[in-house]
Amino acid sequence: MSSQNAHSRSQYHDAFSAIMKITFRDEDTSEDEKVFLKHLADKLGISDSEYKIISDNYMKQAIEAPYTYNERLENFYKVVKVIYEDATIEGKYQSMWLERMAKAMGFNPSNVQYIVAKSLTLFKDGTDLASYKEAIKNMNT
């Protein structure tokens, strides 16, 4: 068995690896983005040792969008929830990160800004997953 067994990986390992790859792939990552990644890792329960493994191997991470639109919405709901509930991420930074994640998750790039704006409004109103999915599906972009 490898030195990194299944127990040393958090449930968010692959998702966080993909986020890191998206962030670093253009090689123009700001210090704010690096701080945010570390903060997000802490929020997702990714240990320092797991963070190190991910940061050493993020370019190997395959980025695969969820297969169905429903899966994509459910996954994006989780991402919005984490970012929305984090008091240290506000305003343009919420939108910036969510737009980046939405594109990586396979949402149509021309709709991403609308989906993010609607998502943040829905979270402000205290939406649940079922209501969120219904609202996004019926949104006119």
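**Entry 1: Leu-120**

I began with Leu-120, which lies in helix H6 (residues 112-124); helices here are DSSP runs of H or I with at least four residues, strands are runs of E with at least two, and both are numbered from the N terminus. The model is predicted, so I note that local features need pLDDT of at least 70 and side-chain atom pairs count only at pLDDT 80 or more, while totals for chains, interfaces and linings use all residues. Residues are numbered from 1 along each chain as its sequence is written, and side-chain values use heavy atoms, with hydrogens and water left out.

Is Leu-120 buried or exposed? Leu-120 counts as buried because its relative accessibility is 14%; buried means under 20% relative accessible area, exposed over 50%, and partly exposed in between, with a 1.4 Å probe and protein chains only. I then listed its contacts (heavy atoms within 4.5 Å). Leaving aside neighbours within four places in sequence, Leu-120 touches Tyr-84, Gln-94, Ser-95 and Leu-98. For Gln-94, 26 residues away along the chain, the C-alpha separation from Leu-120 is 8.6 Å.

**Entry 2: the whole chain**

I recorded seven helices and zero strands. Of the 141 residues, 38% count as buried. Among contacts with a separation of 6 or more, 68% are between residues 24 or more positions apart.

**Entry 3: helix H2**

I checked the length of H2: its 13 residues should span 18 Å at 1.5 Å a residue, and the end C-alpha atoms are 18 Å apart, which agrees. The expected span is 1.5 Å times one less than the number of residues.

Glu-33, Phe-36, Leu-37, Leu-40 and Ala-41 are the residues I found buried in H2. They line one face of the helix, because seen down the axis they fall within an arc of 135 degrees, taken from the directions from the helix axis to the C-beta atoms. Their cover includes helix H1 (13-24), helix H3 (48-57), helix H4 (69-84) and H5. On the other side of H2, Glu-31 and Val-35 are exposed. Just after H2, I noted a positive phi of about 75 degrees at Gly-45.

**Entry 4: the second largest pocket**

I use "pocket" for an open set of points on a 1 Å grid over the protein atoms alone, where a 1.4 Å probe fits, with protein on both sides within 12 Å along at least five of seven lines; lining residues have an atom within 4 Å of a point. The second largest pocket has a volume of about 150 Å³, the space filled by probe spheres set on the points. H2 gives the most to its lining, with five residues.
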